[in-house]
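Have a look at the sequence and the 3D view below.

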Amino acid sequence: DEAFARFTDHDPRRCYDLFQERAREVLVESARLLDGVRETLGRLYARGYVLGIATTKRSEHVVGIMGRLGVLGLFGAWSGSDEVRRVKPDPEVLHLTLRKLGRPAEGAAYVGDTPLDIRSARSAGLASVAVLGGTGSREELEASGPDAIIERFADLKELFLKRGDKG
């Protein structure tokens, strides 16, 4: 509500509600999986990795998007911005997802495509993997200090499986 109050004289709550209504339509219907995502998630899941989602999107959007794309069942938990008081780069949403999964930060990794994601992971005490091709440039992602940078999401399986990590 605060963001809308800064930019308009209209009722901020009504603006927020309209934004969320439109976001539901646009986000869920326009979301697409990047090349290799379905196969990579499926392979990691099959190998016993516990997968979760921590996002700035609302939880209902996560469920709608991942459900429509047919991958929601691969995730043990998800948390959205509507479930926390502070959003990224604050680590609250990552901590909430870990609690839902029943997992500690130790041994866990967060994969993201923005410097904000990498800063959040570091704040949460998680290993961080930056994926190129999203909204963050290589230079911005490198400057944020990830533990690893991969060219495409499908490279995750090689990164994790060759290290013998499981979790």
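## A buried arginine and its surroundings

Arg58 is buried, with a relative accessible area of 19%; buried means under 20%, exposed over 50% and partly exposed in between, using a 1.4 Å probe and protein chains only. Before going on, note that this is a predicted model, where local features need pLDDT of at least 70 and side-chain atom pairs count only at pLDDT 80 or more, while totals for chains, interfaces and linings use all residues. Residues are numbered from 1 along each chain as its sequence is written, and side-chain values use heavy atoms, with hydrogens and water left out.

You'll find Arg58 in the loop between β1 (52–54) and α4. Helices here are DSSP runs (H or I, at least four residues), strands likewise (E, at least two), numbered from the N terminus. The Arg58 side chain makes a polar contact with the side chain of Glu60 at 3.2 Å. A polar contact is a pair of N or O atoms within 3.5 Å; within protein, one must be able to donate a hydrogen and the other to accept it, and residues adjacent in sequence count only if both atoms are side-chain atoms.

| Residue | In contact with |
|---|---|
| Arg58 | Tyr16, Gln20, Gly80, Ser81, Asp82 |
| Met66 | Ile53, Val71, Leu72, Phe75 |

Met66 also belongs to the largest nonpolar core, which has 25 residues. Such a core is a set of buried Ala, Val, Leu, Ile, Met, Phe, Trp, Tyr and Cys residues joined through side-chain atoms within 4.5 Å. Along with Met66, the members touching the most others are Leu41, Phe75, Val129, Leu156, Leu159 and Phe160. At least two core residues come from each of α3 (37–46), α4 (59–69), β4, β5 (148–150) and α8 (155–163). There's a second, separate core of eleven residues, including Leu94, Ala108, Ala121 and Leu126.

Just after α6, Gly125 takes a positive phi of about 80 degrees.

Pro89 sits in the loop between β2 (77–79) and α5. For context, most peptide bonds are trans.

Definitions and conventions:
Contact means heavy atoms within 4.5 Å. Lists of a residue's contacts leave out its neighbours within four places in sequence.
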